[in-house]
Amino acid sequence: MTPFVFNTTPSIVFEAGSSRRFGAIVGKRLGTKVLVVTDPGLRKLGLCDPAIASLEQAGVAVTVFDEVEADPSRATLMRAVEAGRAAGVTGVAGFGGGSSLDVAKLAALLLGSGENLDEAWGVAQAKGPRLPLALVPTTAGTGSEVTPVSIITVGEEEKRGVSSPVILPDVAVLDAELTLGLPAAITAATGVDAMVHAIEAYASKNANNNPLSKMLAKQALQLLGANIETAVFNGKDVEARGAMLLGSMLAGQAFANSPVAAVHALAYPIGGTFHVPHGLSNALVLPHVLRFNAPDAAHLYAEIAADAFPRLAGEEGAQGRCSAFIEELAALSKKLGMQTKLREVGIGEEHLAKMASDAMKQQRLLVNNPRAVGEADALTIYKAAW
């Protein structure tokens with residue numbers, strides 16, 4: 001059997017309402033002074049308040065940094081670090097979607113090690129140590145609470161990533177109650193994002209693709225496929241919300257160890273340049289990338305088709321099941337009310353060539369794709385998505 005390494009968050013708590021006893025869950029792991037990283041929307045809604053109160057009741061002094069935006073910038077990250085440094089924090093807690101959790105991860109790294117961020121970009125470059133870290137996702141999509149990856153926007157458009165087991169958190173708290181108020185559009189986009197994570201992890205050409213990641217990807221697709229429509233159209237269903245949160249986490253564990261590929265690489269210029277939400281960016285190119293990959297990956301997509309869509313179990317042959325799987329994914333986005341064309345999110349045909357060029361900067365992802373993708377291929381895919 002091929003050797004592999006599987007890393008994940010050592011402590012995972014899955015329980016509706018668990019964030020209300022956050023102080024008891026993290027105990028003394030974060031120390032006596034904690035930086036809470038979140039976004040202004042969540043802060044205004046008060047979703048973090050019970051967890052903050054729980055920390056304070058445990059005798060912890062809390063500093064809140066609530067300036068995280070979508071596709072967080074390097075400047076935002078450094079402001080969070082400065083806030084933590086000024087308060088002399090001993091630990092970091094992230095609350096929110098992937099953006100807040102990504103900032104929390106790197107804030108913990110930079111506060112704990114003092115290392116130069118420019119030396120940490122890429123795979124296994126971050127040295128650490130980091131401060132103790134706990135993450136609480138409020139969307140079911142990124143799986144960031146169990147991944148060693150943080151994505152930051154650098155300059156006007158480029159996204160860069162840090163990928164290192166050093167930034168895996170100590171604790172992840174999955175509280176479905178925090179996702180009950182999530183709007184349908186965000187629920188749909190983040191849910192499809194999680195499905196993409198599972199699909200790309202399963203088919204990844206990465207040398208570390210492994211039986212654990214494949215198993216987790218299949219289980220994730222079963223949970224996500226069975227519950228995404230209920231979560232979108234009946235957002236108060238705590239069982240469906242919990243299933244989506246768990247599916248997102250399992251998909252995160254899968255791609256944390258068997259990395260994603262061309263769907264994400266081609267999504268980054270859409271988000272970085274046009275500020276389209278990450279999950280929607282993935283959804284816009286998903287069926288077109290899978291069609292491009294099908295000559296080399298049809299057997300892999302056929303193996304997971306019925307996990308996401310049980311009715312496809314009756315499809316005969318790998319090619320037929322693969323094609324049906326791709327069409328179901330394309331139909332799902334439309335069914336969930338998502339935009340399905342690049343032109344629908346304000347991207348002009350004249351932008352496609354530059355996007356294809358920009359996508360080539362994501363070689364750390366493209367090398368994992370089951371079929372080689374060149375700039376001309378990327379342009380063809382974008383044209384199909386336009």
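The mean positions of the 32 positive and 38 negative charges of the protein lie 2 Å apart; Lys and Arg count as positive and Asp and Glu as negative, with His and the chain ends not counted. Each charge is placed at NZ of Lys, CZ of Arg, CG of Asp or CD of Glu. The model is predicted: local features need pLDDT of at least 70 and side-chain atom pairs count only at pLDDT 80 or more, while totals for chains, interfaces and linings use all residues. Residues are numbered from 1 along each chain as its sequence is written, and side-chain values use heavy atoms, leaving out hydrogens and water.

**Overall form**

- The protein contains 14 helices and 9 strands, which are DSSP runs (helices H or I, at least four residues; strands E, at least two) numbered from the N terminus.
- Its radius of gyration is 20 Å, close to the 21 Å that the globule rule gives for 386 residues, so the protein is as compact as a globular protein of that length. The radius is taken over C-alpha atoms, and the rule is 2.2 Å times the number of residues to the power 0.38.
- Along the principal axes, the C-alpha atoms fill a box of roughly 60 × 45 × 40 Å.

**Burial and contacts**

- Of the 386 residues, 59% are buried (under 20% relative accessible area; exposed means over 50%, partly exposed in between, with a 1.4 Å probe and protein chains only).
- Among contacts (heavy atoms within 4.5 Å) with a separation of 6 or more, 76% join residues 24 or more positions apart.

**Salt bridges**

- The structure holds 15 salt bridges, each a side-chain nitrogen of Lys or Arg within 4 Å of a carboxyl oxygen of Asp or Glu.
- One of them pairs Arg 43 with Asp 66, their closest N and O atoms being 3.9 Å apart. Arg 43 is in helix H2 (residues 40-45) and Asp 66 in the loop between strand E3 (61-65) and helix H4 (74-87), 23 residues apart.
- Arg 43 is partly exposed, at 31% relative accessible area, and Asp 66 is also partly exposed, at 25%.
- Lys 159 and Asp 71 form a salt bridge at 2.7 Å, N to O. Lys 159 belongs to strand E8 (residues 158-163) and Asp 71 to the loop between E3 and H4, so this pair ties together parts 88 residues apart in sequence. Both Lys 159 and Asp 71 are buried.
- Glu 328 and Arg 311 also meet in a salt bridge, at 2.7 Å, N to O. Glu 328 counts as buried at 19% relative accessibility, whereas Arg 311 counts as exposed at 53%.
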